[in-house]
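Let's take a walk through this fold together, starting with the overall layout and then zooming in on the strands. Have your viewer open and follow along.

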Amino acid sequence: GFGVRARSNGLFEPIMSFFDSHPEISVSFTTDMNENFPEAIEAGRMDIAIGRLYSQQMINRTGKIAIFPLLTEPQCILMSGEDPLSREASLPFRILDGKTVICGPEGSGDDAEMREMCEEYHVRTDRVLRADDINAVIALVQRKKGYALGPVSFARFFGVAAVPLEE
């Protein structure tokens, strides 16, 4: 499994260098946003995954599969660089109350995280736009159709603004 964060945060090149130096290893990359990487590993559909591990997945999988954190990135609110909020140093999650949010497909890790956070912070969104492709999510963000969650590396990689969430 190969999550989009492995592309945006600079892990792609070292990973490819490893496979370039080991031509005896056959590789199939799965990049689908719908795929639950820990579940796929447990089921034997996947040998290894490099991607985001959501908090609830971590809790449910501890002891069942080996997990090795490679890096951490603070979660941010992603938005158009033209949005006035993009100039803030940080924002509370509650800022999304009454706004349109953009996330992955229903049942995906993105969807579960967004629902958990909305419940925890008592945020009622105006509407939810879902996409099963990160490029579609970012295109919606760039066109000022709503707000998404993601790391600063997404902002640099995809050309949008990222404002860190307050603790």
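Helices here are DSSP runs of H or I with at least four residues, strands are runs of E with at least two, and both are numbered from the N terminus. One thing to keep in mind as you look: this is a predicted model.

With that settled, read along the chain. From the N terminus on, the elements go α-α-α-α-β-β-α-β-α-β-α-β. The radius of gyration is 17 Å, close to the 15 Å that the globule rule gives for 167 residues, so the protein is as compact as a globular protein of that length. In total you'll find seven helices and five strands.

As for how the chain meets itself, take the contacts with a separation of 6 or more: 70% of them link residues 24 or more positions apart.

Now for the strands, beginning with the open sheet. Three strands make it up, in the order β4-β1-β5, with antiparallel pairing. Its edges are β4 (148-150) and β5 (161-164), each of which pairs on one side only. On average, neighbouring strands in this sheet are turned by 40 degrees against each other, direction ignored. Strand β1 covers residues 76-79, and four bridges join β1 to β5, the two running antiparallel. To find your place in that pairing, look for L78, which stands opposite A162 in β5.

Next, jump to strand β2, residues 100-103. Which way do its side chains go? In a regular strand, side chains alternate between the two faces of the sheet. In β2, T100 and I102 point one way while V101 and C103 point the other way, and all of them are buried.

Strand β2 has a partner too: four bridges join β2 to β3 (residues 127-130), and these two strands run parallel. How does the chain get from β2 to β3? It crosses through helix α5 (residues 109-120), and this β-α-β crossover is right-handed.

Methods. Residues numbered from 1 in each chain as written. Predicted model: local features only at pLDDT ≥ 70, side-chain atom pairs only at ≥ 80, totals over all residues. Heavy atoms only, no water. Pairing = 2+ DSSP bridges. Axes fitted to C-alpha atoms, helices over the stretch in contact; angles between N-to-C directions. Rg over C-alpha atoms; globule rule 2.2 N^0.38 Å. Contact = heavy atoms within 4.5 Å. Buried < 20%, exposed > 50% of the residue type's maximum accessible area, 1.4 Å probe, protein only. Right-handed = clockwise from strand over helix to strand, strands pointing away.
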